[in-house]
Amino acid sequence: MDFSFSEEQTLLKESVSDFVKSDYAFSDRAAVLESEEGFSRKNLKTFADLDWNSIPFSEEDGGFGGTAVELMAVMEEFGKGLVVEPYFSSVILAGSFLRKAANSSQKEIHIPKIIDGSKIYAAAFSELQSRYDLYDVKTSATKEGAEYSLNGEKIFVLGGYAADTLIVSARTSGKPRDLEGVSLFIVAADTAGISKENFSTVDGFKAANLKFENVKVSAGNLLGEEGKGLAILEDVAAEAIIALGAEAVGALEILYRKTVEYSKIRVQFNQPIGKFQSLQMIMSEMFIEHVQVKSMLYMAVMKFDAGEDVQKSISAFKVQLGKAIKFIGQNAIQLHGGIGMTDELDVSHYFKRVTMIGVMFGDESYHLDRYVRLSC
Amino acid sequence: MDFTLTAEQKAICDNVAETCGKFSDAYWLGKDTTGDFPIEFHQAMAKGGWLGITMPDEYGGSNLGLLEAALMMHQVARSSGAMSAASAIHINLFGPHPIVKFGTDDQKKRWLPELIHGETKVCFGVTESNAGLETTAIETSAVKTGSRYYVNGAKVWTSTAQQANKIMLLARTKPKEDCLNRIEGLSLFYTNLDRDYVDIRLIDKMGRKAVDSNELFIGDLPVPEEDLLGEEGKGFQYLLHSLNPERILVGVEAIGIGQNAIARASQYAQERVVFGRPIGQNQAIQHPLAESWMELEAAFLIAMQAASLYDRKEPCGLKANAAKYLGGEAGFKACTQSLMTFGGMGYAKEFHVERLLREVLICRIAPVSPQMILNYIAEKALGLPKSY
Ligand SMILES: Cc1cc2nc3c(=O)[nH]c(=O)nc-3n(C[C@H](O)[C@H](O)[C@H](O)COP(=O)(O)OP(=O)(O)OC[C@H]3O[C@@H](n4cnc5c(N)ncnc54)[C@H](O)[C@@H]3O)c2cc1C
């Protein structure tokens with residue numbers, strides 16, 4: 001077992017870390033959030049120029065051929081800077097569907113556009129009733145000759161606001177909660193019949209709810225085998241949890257470090273509050289929670305790359321992550337006192353981001369239950 | 001809303017504390033070592049008239065309410081005797097309740113005075129190993145032939161059966177298949193614990209060694225029909241009437257034990273000096289004890305409220321259960337923290353807190369587990385569907 005990064009991985013991590021430090025100060029980020037689109041095209045171009053978009057794609061698809069370790073390295077650093085550009089939603093999430101399910105001509109069309117950053121992709125798989133069940137799909141895709149016609153609604157499409165192309169799950173057969181019969185489609189976001197409702201999320205990101213009314217998709221844009229989409233969705237979700245989890249682990253590190261720093265400078269009763277033993281104990285536990293969840297992340301990443309017990313270790317990680325997010329996040333605010341509640345301080349922004357990650361792709365209790373089911 | 005005790009209630013607390021105070025740490029540690037029943041304590045409490053505190057005065061009781069009984073048991077458990085002291089007399093307080101409520105005049109005359117004077121000792125045979133918390137699933141049967149019932153079956157955990165000459169016994173008088181609902185078909189008896197028909201085997205257990213708990217194997221125990229309480233088949237409903245008082249008492253007992261533990265720990269934390277200052281000057285020592293103090297006080301208030309509702313004949317199930325839950329949890333936490341405060345010495349018997357911790361656990365498990373109370377509160381207070 002080797003927990004150290006290779007030289008190449010270290011360089012990658014450092015380059016992302018440098019970007020965050022030099023171009024992504026809290027004030028830079030605030031300006032990005034204020035902008036019309038809510039993210040910076042300039043930053044997206046930087047990601048492409050530095051070749052970060054190519055990381056998850058295989059060499060034969062024109063990518064870097066990275067493993068989950070590289071993904072983790074990038075996302076952890078992004079988490080430290082609370083990067084809001086649609087890197088996760090486009091490159092990792094939507095890209096993952098293409099990597100896992102696209103045929104060679106689909107790959108040729110789409111992957112280069114993600115890698116060069118010319119187009120933004122997004123994945124639409126959640127529905128109002130589905131909670132975290134990826135197979136709970138009501139949106140229908142009815143085959144009509146060489147086309148499918150899509151009808152239904154998708155909610156909380158991350159990055160859906162700015163997406164050029166969508167990956168959409170829709171049912172080609174069966175009842176809404178059947179495991180079989182879910183299919184995936186590549187759909188241009190400007191296809192007739194798609195309407196969008198954009199909104200901001202508490203953590204500064206943008207998402208969209210999408211409505212599909214008789215949206216025509218050619219059979220050539222069916223992604224993978226008809227009716228067999230669930231296995232792909234689950235694979236994609238596992239990878240997404242690793243990526244988002246790594247981001248959260250990065251953000252949690254900042255949260256506990258900032259709390260410790262603050263406790264050394266904030267003076268009450270003529271002494272830094274960090275001298276109070278009960279606060280020291282809480283901060284030690286924040287440290288321990290962080291180390292623990294980071295270790296679980298490493299475990300999940302290694303299992304993922306080795307293809308062993310993937311779903312179980314992902315759920316175990318997400319449970320631990322949920323706990324760490326609550327403990328570190330809530331105590332970071334608590335120990336900062338009133339100022340921790342303000343928008344001016346970055347702590348509350350980290351808190352909001354990690355809290356969102358805590359519920360994405362299944363919250364703690366969902367994954368605890370899933371872990372139990374996978375274990376018996 | 002008045003939270004003050006009357007002069008009489010204060011006197012009860014003082015007098016009970018005084019009687020209990022006569023039994024030292026050494027006395028109780030000795031009983032815990034030998035396992036001998038604390039008969040001297042039992043007699044002292046009987047002599048003080050405490051065993052009949054809730055019993056009607058025409059039979060020699062004091063006719064006081066549950067609130068007074070709770071105040072008394074709180075003091076008893078808060079003494080060094082902890083659960084051993086409480087359990088030695090606890091059954092006298094809630095156990096005979098079905099007799100008072102559902103017994104005939106003749107039965108009351110036959111049974112209550114002896115109980116109140118401490119001449120009879122009674123045990124409570126409800127729990128069975130196959131039924132557990134699902135009391136209505138018990139299998140011990142009582143079949144009537146002529147003017148007698150014959151009881152067959154097995155009970156578990158029956159406390160004080162080694163001492164007892166009477167047993168309050170729940171048994172099935174109608175097969176489950178023939179009953180309309182799950183609470184039907186069980187009957188309650190108060191009868192002699194005749195060792196010719198009942199094999200009583202001691203359970204070696206973690207704490208409260210001085211007050212025995214047992215397995216009972218009952219073979220053809222004859223029970224005269226005069227020993228049936230109330231109507232046949234309604235035993236479970238009768239039993240329900242004594243459950244709320246029992247919960248309140250167990251709740252305050254846990255609280256008393258926890259308060260004793262906290263007092264001992266605070267004392268020790270002032271005296272013990274490490275790194276040049278009393279350990280009690282550290283927040284890691286102070287704060288958890290402070291937290292326990294508050295939890296115990298809060299649990300005590302809800303227990304008092306439950307007792308007062310009960311005495312006013314108002315529904316008290318929710319509060320009684322909450323008191324047992326909060327008391328049990330707070331008492332357990334207080335004892336654990338107290339032991340940790342003593343460090344290594346907490347593990348030594350001569351400091352007594354390990355004994356308190358072993359004994360307070362009973363208040364978490366019996367007579368109903370914390371999970372079952374959560375189930376109950378979820379259903380009855382929140383209107384949520386039954387989960388099991
Ligand atoms: C020292 C001592 C003295 C006792 N004295 C007496 C006595 O004098 N007379 C007498 O009749 N009994 C006595 N008891 C028995 C006591 O009342 C029982 O132990 C208690 O009711 C728990 O039942 P059980 O042990 O069968 O647990 P079980 O029913 O086996 O329960 C085991 C666990 O499962 C959980 N569980 C069960 N059902 C559910 C559910 N639906 N939802 C969630 N969790 C659940 C419980 O919470 C518990 O954690 C005594 C027990 C002790 C330890």
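The structure holds 5 cavities of 30 Å³ or more, where a cavity is, on a 1 Å grid over the protein atoms alone, a set of points where a 1.4 Å probe fits but cannot get out, and where a volume is the space filled by probe spheres set on the points, the points being joined across faces, edges and corners. Please keep in mind that this is a predicted model, in which local features need pLDDT of at least 70 and side-chain atom pairs count only at pLDDT 80 or more, while totals for chains, interfaces and linings use all residues. As for conventions, residues are numbered from 1 along each chain as its sequence is written, chains are lettered from A and ligands numbered from 1 in the order in which they are written, and side-chain values use heavy atoms, with hydrogens and water left out.

Let me begin with the cavities. The largest cavity has a volume of about 200 Å³, and 22 residues line it, of which A:V84, A:E85, A:P86, A:S89 and A:F205 lie nearest its centre; a lining residue is one with an atom within 4 Å of a point. Which helices supply at least two residues each to this lining? They are α4 (68-81) and α5 (87-101) of chain A, and the largest share, 3 residues, comes from α5(A); helices here are DSSP runs of H or I with at least four residues, strands are runs of E with at least two, and both are numbered from the N terminus. By class, the lining of the largest cavity has 13 nonpolar, 4 polar and 5 charged residues, with Ala, Val, Leu, Ile, Met, Phe, Trp, Tyr, Cys and Pro counted as nonpolar, Asp, Glu, Lys and Arg as charged, and the others, Gly among them, as polar.

The second largest cavity has a volume of about 90 Å³, and the residues that line it include A:L44, A:F47, A:P86, A:Y87 and A:K119. Its lining draws at least two residues from each of α3 (41-49) and α5 of chain A, with α5(A) giving the most, 3 residues. The residues of this lining divide into 7 nonpolar, 3 polar and 1 charged.

I turn now to chain B, and to its helix α4. The 13 residues of α4(B) should span 18 Å at 1.5 Å a residue, and the end C-alpha atoms are 18 Å apart, which agrees; the expected span is 1.5 Å times one less than the number of residues. Is this helix largely enclosed or largely open? It is largely enclosed by the rest of the structure, because 12 of its 13 residues are buried, buried meaning under 20% relative accessible area, exposed over 50%, and partly exposed in between, with a 1.4 Å probe and protein chains only. The buried residues of α4(B) pack against α1, α3, α5, α8 (235-271) and α9 (283-311) of chain B, where contact means heavy atoms within 4.5 Å.

One residue of this helix, B:V76, counts as buried at 0% relative accessibility. Leaving out residues up to four places away in sequence, B:V76 touches B:V16, B:C20, B:F41, B:M45, B:A82, B:A85, B:A86 and B:I89.

In α7(B), B:Q107, B:K108, B:W111, B:L112, B:L115 and B:I116 are buried. Seen down the axis, these residues fall within an arc of 120 degrees, so they line one face of the helix. An α-helix has 3.6 residues a turn, so residues three or four places apart point the same way. The cover over the buried residues of α7(B) includes α5 (82-94), α6 (97-102), β1 (122-125), β4 (166-172) and β5 (186-192) of chain B, and just after the helix B:G118 takes a positive phi of about 75 degrees.

Finally, B:S338, in helix α10 (residues 317-341) of chain B, counts as buried at 0% relative accessibility, and B:S338 touches B:A261, B:A265 and B:V353, not counting residues up to four places away in sequence.

Technical notes. On a 1 Å grid over the protein atoms alone, a cavity is a set of points where a 1.4 Å probe fits but cannot get out, and a pocket is an open set with protein on both sides within 12 Å along at least five of seven lines; lining residues have an atom within 4 Å of a point. The arc is that of the directions from the helix axis to the C-beta atoms.
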